[in-house]
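User: I would like to learn how to read a few features of a protein model, one at a time. Could you give me the general idea and then the case at hand?

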Amino acid sequence: MNLRWQPALLDPASEGGWAVVHCQHGFLFDANGVLFPRGWLKRLELPLITEQGLGYFEGEPVFLLELAHPAEVPGASWQGLRQFMLQDDDSDRFRMLGFAAQIGTWASHHRFCGSCGNAMCQHPSERAMQCESCGIHHYPRISPSMIVLVTRGDELLLARSPRFVPGVYSTLAGFVEPGESVEQCVRREVYEEVGVSIHAPQYICSQGWPFPHSLMLGFHAEYASGGIVMQPEEIEDAAWFSIHDLPALPAPKSIARYLIDLYLAQRLGGPEPVLPG
């Protein structure tokens, strides 16, 4: 696979390369995109928390400058990761930004040791923050979560959260709890969110999802029994939709949209979609 974006452990003490700038509000960008000359950025007075080597984009080394808050940079502005996902068709660049967002959040949250309180530093040979006082290591966190399309023949069970873009309906999702399997999580989350029971869920595919650090495991499940009872505060609306009359759906790059499009292709005889990433 010849991807333009390749994660790699780079030494921040090295010179040159490009840099992306991130903080909790998103990424810095200008008319040329999100990659800035690293040397030029480092001459600015930026509120830098940490610098991390990310990897290679089109063969060039790329580093991350994680900031404490947005900074004013001439000719540039800030934009959230979701906006890049919706506006940018470049899946390699989105993967790079998703990786950068996760690494930046992880590094900024592990500046101090949770065991002894001393400052942590980057491990020289692996992607880890280490405490030189007590020896503990912290690696980038991945949170397993499930996402499932529930169907009933030519009907799809779709729901919307209050956090969604207005009018958009999607599949059901949730995080795996300690001690449960992903299949158990699928059954539990479906029942908790919409009150219905399902037959055995079937695994379809997975997608690394950087909001902020999820590994989304995608499933399909057939409806078994029960009427829709929405979970307060989690589900704003839920309903059965005909495959011939669907509401506004999630962005094409998402695994939610892939699960929906795959079922539509199988049901209607169209070409199967391709999951980005």
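Analyst: Let us begin with accessibility: a residue is buried under 20% relative accessible area, exposed over 50% and partly exposed in between, with a 1.4 Å probe and protein chains only. This is a predicted model, in which local features need pLDDT of at least 70 and side-chain atom pairs count only at pLDDT 80 or more, while totals for chains, interfaces and linings use all residues. Residues are numbered from 1 along each chain as its sequence is written, and side-chain values use heavy atoms, with hydrogens and water left out.

User: Is Val274 buried or exposed, and why?

Analyst: Val274 counts as exposed because its relative accessibility is 72%. Val274 lies in the segment after α5, and its C-alpha atom is separated by 8.7 Å from that of Leu262, twelve residues away along the chain.

User: How should I read the helix α5 itself, and what do its buried residues pack against?

Analyst: Helices (H or I, at least four residues) and strands (E, at least two) are DSSP runs, numbered from the N terminus. The expected span of a helix is 1.5 Å times one less than its number of residues. For α5, residues 255–268, the 14 residues should span 20 Å, and the end C-alpha atoms are 20 Å apart, which agrees. An α-helix has 3.6 residues a turn, so residues three or four places apart point the same way. The buried residues of α5 include Ile255, Tyr258, Leu259, Leu262 and Ala265. With contact meaning heavy atoms within 4.5 Å, the buried residues of this helix pack against β11 (143–152), β12 (155–160), β15 (202–209) and β16 (214–225). Following α5 comes Gly269, whose phi is positive, near 80°.

User: How many aromatic pairs are there, counted by what rule?

Analyst: Rings of Phe, Tyr and Trp (its six-membered ring) pair if their centres lie within 6.5 Å; planes under 30 degrees apart count as stacked, over 60 as edge-to-face and the rest as tilted. By this rule the count comes to seven aromatic pairs. One of them joins Phe29 and Phe84 edge-to-face, at 5.8 Å centre to centre and with 85° between the planes. That pair links distant parts of the chain, since Phe29 is in strand β3 (residues 26–29) and Phe84 in helix α2 (residues 81–87), 55 residues apart. Phe29 counts as partly exposed because its relative accessibility is 23%, whereas Phe84, with a relative accessible area of 9%, is buried. A stacked pair is formed by Phe36 and Trp40, at 6.4 Å centre to centre and with 15° between the planes. Here Phe36 is buried at 2% relative accessible area, and Trp40 is partly exposed at 30%. Phe27, Phe29 and Phe84 form one aromatic cluster.

User: Where does Gln79 sit, and which residues does it touch?

Analyst: Gln79 belongs to strand β7 (residues 77–79), and at 14% relative accessibility it counts as buried. Not counting residues up to four places away in sequence, Gln79 touches His25, Gly26, Phe27, Phe29, Phe84 and Gln87, so that its contacts include the three members of the aromatic cluster, Phe27, Phe29 and Phe84.

User: Which charges lie over the face of a ring?

Analyst: A charge sits over a ring if NZ of Lys or CZ of Arg is within 6 Å of the ring centre and within 35 degrees of the ring normal. Arg38 lies over the face of Phe63, at 3.7 Å from the ring centre, and Arg152 over that of Tyr223, at 5.2 Å.
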